[in-house]
Amino acid sequence: MSTEYGNDTPGGPGGPGGGAGFKKRIRVDQQLIADLVPAGARVLDVGCGDGALLYHLSHFKGADARGIEINRARVAACLNQGLSVIQGDAEVELRDYPTGSFDCVVLSQTIQAVGDPKGTLETLLRIGNRAVVSITNGGYWRNRVRFALGGRVPFPDDPGESWYDTANIHPCTIRDFVGLADEMGIKIEKCFAVRASGATREVYPWSAAANLFAVQAVFVLGWRSAPSEAG
Amino acid sequence: MGPRTGAAGADGMANDTGPQGTGGVTIDPHTLPGEFVTLAVEAPLDLDSGARLGPINVAYTTHGTLNADKSNAILICHALTGDQFVCGTHPITKRPGWWDTTVGPGKPLDPDRYFLICPNLLGGCMGTTGPSETNPATGKPWGLDFPVITIGDMVNVQKLLVDHLGIGQLFSVVGGSMGGMQVLDWAARFPERVFSVMPIATALRTSAQNIAHHEVGRQAVMADPDWCGGRYQEEGKRPHRGLAVARMGAHITYLSETALTRRFGRSLQARDRVTYGFEADFQVESYLRHQGITFVDRFDANSYLYITRAMDYFDMVEEHGGVATEIFAGTNVRFGVISFTSDWMFPTAENREIVKALNGVGANVSFVEIETDHGHDSFLMDVADYHRVIRGFLEGAAELRGEAGP
């Protein structure tokens with residue numbers, strides 16, 4: 001398996017997924033996540049938005065899929081589709097779940113918006129046997145150019161956002177995230193880089209090329225060894 | 001004025017005579033439309049108080065058709081002052097039933113799709129056994145000889161009815177406020193008999209504030225000399241003044257300050273200036289008096305005492321050793337919990353306690369707080385977001401159960 005990022009192959013790692021018609025419904029990183037979730041798994045999608053991933057998981061992967069979302073209108077949209085979603089603040093709600101409740105906990109484009117990313121990661125891996133986390137890569141070359149030449153803090157998610165109104169209060173690069181995982185004793189089982197074109201590829205987590213060329217990354221996380229207390 | 005409730009809503013301003021009204025109309029509930037059945041005939045029901053009660057009459061209505069595999073039955077649990085006339089025209093008030101906004105063809109609880117069962121609860125006064133019915137042992141009205149009942153007792157009677165109808169597993173049990181307490185009790189004690197539940201604007205336990213409001217209501221009833229120590233039926237009287245005051249006080253708790261301000265503000269009732277007296281100068285006074293007057297026409301004072309008491313005693317957490325997560329441990333029931341932003345009787349925080357208890361055992365639960373300014377009564381109203389959520393939840397549950405549905 002290539003650890004270099006740069007020679008994109010079409011398709012991505014996950015196989016057929018939900019079929020081309022349904023791929024339009026979900027973002028590239030969500031499709032990648034959907035492909036990583038085993039069929040029939042118990043999945044919690046933290047910050048599930050309008051439920052696109054949940055819908056996909058429950059209808060095409062036979063998953064027992066649940067969600068948490070803070071935005072009232074989005075929760076209502078999820079419930080209207082018959083999805084199981086709780087309106088609430090992820091950092092508060094997650095505490096209530098018992099250890100090992102889920103096969104997989106998904107935190108899609110949300111870790112940078114929580115107040116305590118480290119505590120959140122710990123909780124994800126307490127209530128789930130695996131965590132799938134996607135981030136926006138602050139190390140993407142365009143962001144570097146914006147910062148180096150423009151002299152402005154870049155916000156790759158939404159160029160219209162400013163430092164004072166972005167939800168992503170903890171911006172990070174792939175390398176930053178991998179460093180935190182390393183420090184916490186979290187094992188990165190898989191790391192995928194997503195390019196601006198939407199092409200995805202599994203990469204070596206410390207890959208400098210991935211940190212430069214990927215707009216997003218998706219990580220599959222587990223504990224390096226079973227933790228004594230958190231497990 | 002915004003959306004209206006069913007029976008609870010005002011249909012206009014009252015006359016100015018104060019809350020005493022006409023003194024109420026004595027109705028014979030057995031002449032009302034709907035179904036009647038006598039249950040607990042062979043073996044009386046063991047009540048939570050230790051007393052035994054039986055046989056028990058249950059008055060109920062059904063809407064829609066039970067399908068061949070009996071998989072489309074939904075039990076609707078009514079609240080404190082509701083009854084079995086959930087939709088259509090109420091036979092006594094001649095106004096829409098208490099949940100006509102939500103129950104009916106094309107509405108979220110649709111009889112064209114579901115078989116809807118709505119019983120009058122134990123202790124009620126619309127034909128189900130309660131304090132105004134005749135005590136078979138004495139041939140006189142029960143009055144205060146009627147045993148004190150609980151939410152659990154009400155649910156046990158509902159279960160007898162569901163057994164009687166031959167339905168193994170209800171597709172859903174739905175109800176708001178005290179109806180939501182029955183819903184939760186169904187899920188906790190008979191999880192194998194329900195596929196999904198929707199507890200709406202409710203709580204795992206009755207708060208001190210709600211017990212306090214209930215006590216004011218009960219004291220108003222008992223302070224009325226026509227209450228006669230609970231034996232008013234034998235004395236040929238009705239404590240309509242006390243019951244009307246109880247209703248007026250309770251009605252305030254169902255609304256919100258925003259709703260009252262929007263609807264009435266400080267507007268005067270059919271006059272240009274205040275009268276410097278104690279007539280209903282303000283529209284809001286007139287409205288409340290009207291609520292009191294119309295209520296006594298359809299409700300029994302002793303039923304009010306018994307049912308509020310049942311609500312006071314409701315505490316699922318205490319029943320499970322003070323550990324909320326024990327209540328639904330191991331449940332396979334699918335839960336849809338709904339609260340309303342302006343509800344101060346069963347605020348979102350109390351509904352969240354239900355969600356927390358369910359998350360603690362990894363139960364399948366959905367929760368949404370609907371934004372309205374109609375207060376607790378929101379659960380009776382035609383709120384588009386709310387109705388979409390009810391529909392979505394039931395359709396999702398039906399899909400999970402593997403039913404195409406009609």
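Helix axes here are lines fitted to C-alpha atoms, for helices over the stretch in contact, and angles between N-to-C directions run from 0 to 180 degrees. Helices (H or I, at least four residues) and strands (E, at least two) are DSSP runs, numbered from the N terminus.

The model is predicted: local features need pLDDT of at least 70, side-chain atom pairs count only at pLDDT 80 or more, and totals for chains, interfaces and linings use all residues. Residues are numbered from 1 along each chain as its sequence is written, while chains are lettered from A and ligands numbered from 1 in the order in which they are written.

**First stop: H1 and H2 of chain B**

Select residues 151-164 of chain B, helix H1, together with residues 178-189 of chain B, helix H2; their axes lie 9 Å apart and the packing angle is about 70 degrees. H1(B) and H2(B) are therefore roughly perpendicular, a term for angles of 65 to 115 degrees. Their crossing is right-handed, that is, the near helix is turned clockwise from the far one by less than a right angle.

Next, display the contact residues (C-beta atoms, placed from the backbone, within 7 Å). Ile151(B), Gly152(B), Met154(B), Val155(B) and Gln158(B) of H1(B) meet Met181(B), Gln182(B), Asp185(B) and Trp186(B) of H2(B). This contact comprises five nonpolar, three polar and one charged residues. Here Ala, Val, Leu, Ile, Met, Phe, Trp, Tyr, Cys and Pro count as nonpolar, Asp, Glu, Lys and Arg as charged, and the others, Gly among them, as polar.

Remain on H1(B) and look beyond its end: Gly166(B) follows, with a positive phi near 75 degrees.

**Second stop: H3 and H4 of chain B**

Select residues 208-223 (H3) and 240-254 (H4) of chain B, whose axes come within 7 Å and cross at roughly 165 degrees. That makes H3(B) roughly antiparallel to H4(B), the term for angles over 145 degrees. The crossing of H3(B) with H4(B) is right-handed. By class, their contact has nine nonpolar, five polar and no charged residues. Among the residues of H3(B) that take part are His213(B), Val216(B) and Gly217(B), and those of H4(B) include Leu243(B), Ala246(B) and Thr253(B).

Colour the two chains separately; 18 residues of chain A are in contact with 21 residues of chain B. On the side of chain A, select helix H4 (72-80) and strand E3 (84-87), each of which supplies at least two residues. H4(A) gives the most, with five residues. The residues on this side of chain A divide into eight nonpolar, six polar and four charged.

Notes
Parallel < 35°, antiparallel > 145°, perpendicular 65-115°, else oblique.
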